Amino acid sequence: TALSPRALGSSTILAWSLAAGRVVYLAGDFGFGEFVESVSVTGGAVARLSPLGFDVASFRLAEAGARALFLGGDFPAPATTLISAPTDGGAAAVTLAGPALEGPVNEYAADGGTVAYMVQSVSAEELYLRDAQALQPSVLLVTGIDKARLELDAPRGRLLFEQYRGSGYR
(Lines give C-alpha, C1' and ligand atoms only; values in the text may rest on other atoms or scores of the structure.)
Protein backbone atom coordinates (compact mmCIF):
# COMPACT_ATOMS: atom_id res chain seq x y z
CA THR A 1 0.00 0.00 0.00
CA ALA A 2 1.34 3.41 -0.92
CA LEU A 3 0.89 6.27 1.49
CA SER A 4 -0.26 9.42 -0.22
CA PRO A 5 0.91 12.91 0.79
CA ARG A 6 -2.65 13.45 2.09
CA ALA A 7 -2.22 10.47 4.46
CA LEU A 8 0.94 12.06 5.84
CA GLY A 9 -0.63 15.48 6.34
CA SER A 10 0.15 18.72 4.54
CA SER A 11 3.54 19.42 6.12
CA THR A 12 7.00 19.03 4.64
CA ILE A 13 8.58 15.70 5.66
CA LEU A 14 12.09 16.35 6.98
CA ALA A 15 13.07 12.85 8.20
CA TRP A 16 11.27 9.53 8.61
CA SER A 17 11.67 6.01 9.94
CA LEU A 18 9.72 2.80 9.47
CA ALA A 19 9.16 0.65 12.55
CA ALA A 20 6.49 -1.42 14.29
CA GLY A 21 4.17 -1.14 11.28
CA ARG A 22 4.19 2.68 11.33
CA VAL A 23 5.93 5.47 9.49
CA VAL A 24 7.26 7.94 12.07
CA TYR A 25 8.37 11.28 10.69
CA LEU A 26 9.66 14.73 11.55
CA ALA A 27 7.66 17.36 9.74
CA GLY A 28 7.97 21.13 9.40
CA ASP A 29 5.26 23.72 9.64
CA PHE A 30 6.93 26.63 7.80
CA GLY A 31 8.08 28.96 10.57
CA PHE A 32 6.01 27.41 13.34
CA GLY A 33 8.46 24.69 14.38
CA GLU A 34 8.91 21.02 13.67
CA PHE A 35 6.94 18.12 15.12
CA VAL A 36 6.80 14.30 15.14
CA GLU A 37 3.82 12.37 13.73
CA SER A 38 3.16 8.78 12.71
CA VAL A 39 0.76 6.85 10.52
CA SER A 40 0.15 3.14 9.99
CA VAL A 41 1.82 1.63 6.91
CA THR A 42 -1.68 0.62 5.81
CA GLY A 43 -2.87 4.24 5.98
CA GLY A 44 -5.40 5.75 8.34
CA ALA A 45 -5.37 8.62 10.77
CA VAL A 46 -2.17 10.53 11.47
CA ALA A 47 -1.11 10.55 15.15
CA ARG A 48 0.65 13.66 16.50
CA LEU A 49 3.34 12.43 18.91
CA SER A 50 4.99 15.66 20.06
CA PRO A 51 3.08 18.16 22.21
CA LEU A 52 1.62 21.25 20.54
CA GLY A 53 4.07 24.15 20.66
CA PHE A 54 7.04 21.81 21.22
CA ASP A 55 9.65 22.39 18.48
CA VAL A 56 11.45 19.09 17.73
CA ALA A 57 15.12 19.23 16.72
CA SER A 58 15.69 15.47 16.30
CA PHE A 59 14.03 12.11 16.91
CA ARG A 60 15.05 8.48 17.34
CA LEU A 61 13.10 5.27 17.90
CA ALA A 62 13.26 3.01 20.95
CA GLU A 63 11.66 -0.28 22.03
CA ALA A 64 11.84 -1.76 18.50
CA GLY A 65 9.98 1.22 17.10
CA ALA A 66 7.19 1.21 19.67
CA ARG A 67 8.34 4.57 21.13
CA ALA A 68 9.66 7.78 19.60
CA LEU A 69 12.18 9.90 21.50
CA PHE A 70 12.61 13.52 20.55
CA LEU A 71 14.77 16.41 21.66
CA GLY A 72 13.28 19.87 21.47
CA GLY A 73 11.85 22.80 23.35
CA ASP A 74 8.86 25.11 23.51
CA PHE A 75 8.92 27.10 20.27
CA PRO A 76 11.13 29.14 19.76
CA ALA A 77 13.27 28.07 22.77
CA PRO A 78 16.41 25.95 22.24
CA ALA A 79 16.19 22.15 22.10
CA THR A 80 17.01 21.00 25.64
CA THR A 81 14.14 18.69 26.69
CA LEU A 82 13.97 14.95 25.92
CA ILE A 83 10.47 13.50 25.45
CA SER A 84 9.18 9.97 24.74
CA ALA A 85 5.84 8.93 23.23
CA PRO A 86 4.33 5.69 21.89
CA THR A 87 4.50 5.70 18.10
CA ASP A 88 0.85 4.70 17.78
CA GLY A 89 -0.21 7.87 19.61
CA GLY A 90 -2.12 5.75 22.14
CA ALA A 91 -0.84 7.63 25.19
CA ALA A 92 0.47 11.08 26.02
CA ALA A 93 4.13 11.96 25.65
CA VAL A 94 6.27 11.92 28.82
CA THR A 95 9.28 14.07 29.66
CA LEU A 96 12.40 11.96 30.24
CA ALA A 97 14.87 14.76 30.96
CA GLY A 98 15.36 18.47 30.62
CA PRO A 99 15.97 21.79 32.36
CA ALA A 100 13.12 21.25 34.85
CA LEU A 101 14.68 17.92 35.92
CA GLU A 102 18.47 17.36 35.76
CA GLY A 103 19.34 20.21 33.37
CA PRO A 104 19.43 20.89 29.60
CA VAL A 105 19.93 17.75 27.46
CA ASN A 106 22.41 18.05 24.61
CA GLU A 107 22.96 14.45 23.42
CA TYR A 108 20.98 11.20 23.62
CA ALA A 109 21.00 7.61 22.38
CA ALA A 110 18.56 4.72 22.69
CA ASP A 111 18.63 0.96 22.34
CA GLY A 112 15.75 -1.27 23.29
CA GLY A 113 13.90 0.36 26.15
CA THR A 114 16.95 2.15 27.59
CA VAL A 115 17.87 5.79 26.93
CA ALA A 116 21.25 7.37 27.68
CA TYR A 117 21.55 11.14 27.69
CA MET A 118 24.02 13.90 28.48
CA VAL A 119 22.98 16.86 30.62
CA GLN A 120 24.85 20.14 30.83
CA SER A 121 25.43 20.98 34.50
CA VAL A 122 27.07 24.13 35.82
CA SER A 123 30.65 22.94 35.34
CA ALA A 124 30.59 19.89 33.05
CA GLU A 125 28.32 17.30 31.48
CA GLU A 126 26.67 14.41 33.31
CA LEU A 127 25.70 11.05 31.83
CA TYR A 128 22.34 9.49 32.80
CA LEU A 129 20.34 6.32 31.99
CA ARG A 130 16.56 6.02 32.05
CA ASP A 131 13.88 3.69 30.73
CA ALA A 132 12.10 5.00 27.61
CA GLN A 133 8.68 5.09 29.31
CA ALA A 134 9.87 7.12 32.35
CA LEU A 135 8.58 4.43 34.72
CA GLN A 136 11.73 4.61 36.88
CA PRO A 137 13.84 7.63 37.94
CA SER A 138 16.97 8.55 36.01
CA VAL A 139 20.29 7.08 37.14
CA LEU A 140 23.40 9.28 37.16
CA LEU A 141 26.32 7.24 35.76
CA VAL A 142 29.19 9.70 35.30
CA THR A 143 29.78 13.35 36.09
CA GLY A 144 32.55 15.74 35.07
CA ILE A 145 32.59 14.82 31.37
CA ASP A 146 33.80 17.66 29.14
CA LYS A 147 31.90 16.76 25.96
CA ALA A 148 30.93 13.39 24.52
CA ARG A 149 29.09 11.44 21.83
CA LEU A 150 26.96 8.48 22.90
CA GLU A 151 26.25 5.02 21.54
CA LEU A 152 24.10 2.60 23.51
CA ASP A 153 24.24 -1.17 22.97
CA ALA A 154 21.72 -2.38 25.58
CA PRO A 155 21.49 -6.03 24.38
CA ARG A 156 25.21 -6.42 25.05
CA GLY A 157 25.05 -4.29 28.20
CA ARG A 158 27.40 -1.62 26.85
CA LEU A 159 27.31 2.15 26.79
CA LEU A 160 30.04 3.65 24.65
CA PHE A 161 30.93 7.28 24.68
CA GLU A 162 33.71 9.19 23.03
CA GLN A 163 34.99 12.09 25.07
CA TYR A 164 36.19 15.30 23.45
CA ARG A 165 39.78 16.15 24.39
CA GLY A 166 40.81 19.52 22.95
CA SER A 167 41.53 18.46 19.38
CA GLY A 168 38.97 15.73 18.81
CA TYR A 169 37.00 12.75 20.13
CA ARG A 170 38.81 9.80 21.75
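A residue counts as buried when its relative accessible area is under 20%, as exposed when it is over 50%, and as partly exposed in between, using a 1.4 Å probe and protein chains only. By that cut-off S40 is buried, because its relative accessible area is 18%. The model is predicted, so local features need pLDDT of at least 70 and side-chain atom pairs count only at pLDDT 80 or more, while totals for chains, interfaces and linings use all residues. Residues are numbered from 1 along each chain as its sequence is written, and side-chain values use heavy atoms, with hydrogens and water left out.

**The chain as a whole**

- The protein chain has 14 strands and zero helices; both are DSSP runs numbered from the N terminus, a helix being H or I with at least four residues and a strand being E with at least two.
- Of its 170 residues, 41% count as buried.
- The accessible surface of the protein chain is about 8700 Å², and carbon and sulfur atoms account for 54% of that surface; such areas come from the Shrake-Rupley method with a 1.4 Å probe, and for residues only the protein chains shown count as cover.
- A contact means heavy atoms within 4.5 Å. Among contacts in the protein chain between residues at least 6 apart in sequence, 31% join residues at least 24 apart.

**Strand β3: E37 and S40**

- Strand β3 covers residues 34-40 and contains E37; S40 is also in strand β3.
- The side chains of E37 and Y25 are joined by a polar contact of 2.7 Å. A polar contact is a pair of N or O atoms within 3.5 Å; within protein, one must be able to donate a hydrogen and the other to accept it, and residues adjacent in sequence count only if both atoms are side-chain atoms.
- The side chain of S40 makes a polar contact of 2.9 Å with the side chain of T42.

- Strand β7 (residues 81-86) is largely enclosed by the rest of the structure, because six of its six residues are buried.
- T81, I83 and A85 point one way from β7, L82, S84 and P86 point the other way, and all are buried.
- In a regular strand the side chains alternate between the two faces of the sheet.
- Strand β6 (residues 67-74) runs antiparallel to β7, and six bridges join them; two strands pair if DSSP finds at least two bridges between them. Opposite L82 in β7 stands L71.
- Strand β8 (residues 94-97) pairs with β7 in the antiparallel sense over three bridges. The bridge partner of S84 in β8 is V94.

**Strand β10 and its partners**

- Strand β10 (residues 114-120) is largely enclosed by the rest of the structure, because five of its seven residues are buried.
- Six bridges pair β10 with strand β9 (residues 105-111) in the antiparallel sense, and V119 in β10 is the bridge partner of V105.
- β9 and β10 form a hairpin with two residues between them, and G112 in the turn has a positive phi of about 60°.
- Strand β11 (residues 125-131) and β10 pair in the antiparallel sense over seven bridges, with T114 opposite D131 in β11.
- The hairpin of β10 and β11 has four residues between the strands.
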